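Please keep the sequence and the structure open while reading.

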Amino acid sequence: PPLKPYPHAPPKCTDCAPLFLKAYEMRNAGAVIHSHGMESCLVTMIHPFSKDFRITHMEMIKGIQGHGYHDELVVPIIENTAHERELTESLTEAIEAYPKTTAVLVRNHGIYIWGDSWISAKTQAECYHYLFDAAIKLHQMGLDWSTPNHGPVRNLKGVLGGVGNINMSVKAGTTISNNEIEPSRHCIVLDIEGTTTPISFVADVLFPYARDNVGRHLSATYETAETQEDIKLLRSQVQDDLEQGIVGALPIPSD
């Protein structure tokens, strides 16, 4: 078609062209699809140090060229760059390192998928996105998509591929030194008074319990560092109450 007049810019080749050409040259691809589908982005973010995505025993794996239901599907993950053409070298290395793959994930970005025809590329793209979505949902339920039985997550090693020396019984966490993962804390802290119990529970149950047991507790643990620290904190609190004129505050006798 004729060029559009000014101010329209002349057509130019996509920034992805070098990456498409690598798939054509190295895999004899007939078509390449580049997707920014949300699933392909999120699945690379679950673990920030994973080198590949792995999943097995899912029906849609059969839609990926050269794979069956019982096979482990492995998709390499490369790091994103400011410009897509700058991904060419790392994509080339991924294709060489994973000779069976028909796709490469780009962390926080998307995925490149190829096939011997546009039909094959499109079919595989649909299967890949289905599998990524399934993996994300399994992860949310605390299930490991990389194992045949998809049981509860036992550790982070292997969930998204090789991730160094991580071997911790956690589902997710924050990164700390040496590419390790600090377990996340999943808990809800509630004020029991008037929340999980009636307001009267404190005065009617907890206070009497404390009075009945504090003597025995102190006799058994008085010399321990923990109890001594508690007593020190209690003395400090009482002193503050006395200085502020809090009604009912009484000085604690010295030892």
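## Cysteines

Is C41 buried or exposed? C41 has a relative accessible area of 14%, and because the limit for buried is under 20%, C41 counts as buried. The model is a predicted one, and this value, like those below, is computed from it.

A disulfide is a covalent bond between the sulfur atoms of two cysteines. The count for this model comes to 0 disulfides. C16 is in no disulfide, its nearest cysteine sulfur being that of C13 at 9.4 Å. C16 is buried, with a relative accessible area of 5%.

## Buried polar side chains

N213 belongs to helix α5, which covers residues 200-221. With a relative accessibility of 19%, N213 counts as buried. A polar atom of the N213 side chain lies 2.8 Å from the backbone oxygen of Y209.

S50 is found in the loop between α2 (38-42) and β2 (52-56). Its relative accessible area is 0%, and S50 is buried. The backbone oxygen of H47 is reached by the side chain of S50 at 3.0 Å.

Y24 sits in helix α1, residues 17-27. Y24 is partly exposed, at a relative accessible area of 33%.

Which residues does Y24 contact, leaving aside its neighbours within four places in sequence? They are A29, G30, A31 and V32. Y24 and W114 are 90 residues apart along the chain, and 8.5 Å separates their C-alpha atoms.

The largest pocket has a volume of about 270 Å³. Its lining is made up of V214, H217, L218, Y222, T227, D230, I231, L234, R235 and I252. The elements that give two or more residues to this lining are α5 and α6 (225-243). The largest share, 5 residues, comes from α6. By class, the lining of the largest pocket has 6 nonpolar, 2 polar and 2 charged residues.

The second largest pocket holds about 170 Å³ of space. F207, A210, R211 and V214 line this second largest pocket. Its lining divides into 3 nonpolar residues, no polar ones and 1 charged. V214 is named in the lining of the largest pocket and also in that of the second largest pocket.

## Positive phi angles

Most residues other than glycine have a negative phi. What is the phi of H57, which is not a glycine? H57 has a positive phi of about 55°. H57 is placed in the loop between β2 and β3 (72-78). At 19% relative accessibility, H57 counts as buried.

N108, a residue other than glycine, also has a positive phi, near 60°. N108 lies in the loop between β4 (103-106) and β5 (110-115). N108 has 46% relative accessibility and counts as partly exposed.

Terms used. Residues numbered from 1 in each chain as written. Predicted model: local features only at pLDDT ≥ 70, side-chain atom pairs only at ≥ 80, totals over all residues. Heavy atoms only, no water. Disulfide = S-S within 2.5 Å. Buried < 20%, exposed > 50% of the residue type's maximum accessible area, 1.4 Å probe, protein only. Helix = DSSP H or I, 4+ residues; strand = E, 2+ residues; numbered from the N terminus. Polar contact = N/O pair within 3.5 Å; in protein donor to acceptor, adjacent residues only side chain to side chain. Contact = heavy atoms within 4.5 Å. 1 Å grid on protein atoms, 1.4 Å probe; cavity = no way out; pocket = protein on both sides within 12 Å on 5 of 7 lines; lining within 4 Å. Points joined across faces, edges and corners; volume = space filled by probe spheres on them. Nonpolar A, V, L, I, M, F, W, Y, C, P; charged D, E, K, R; others polar.
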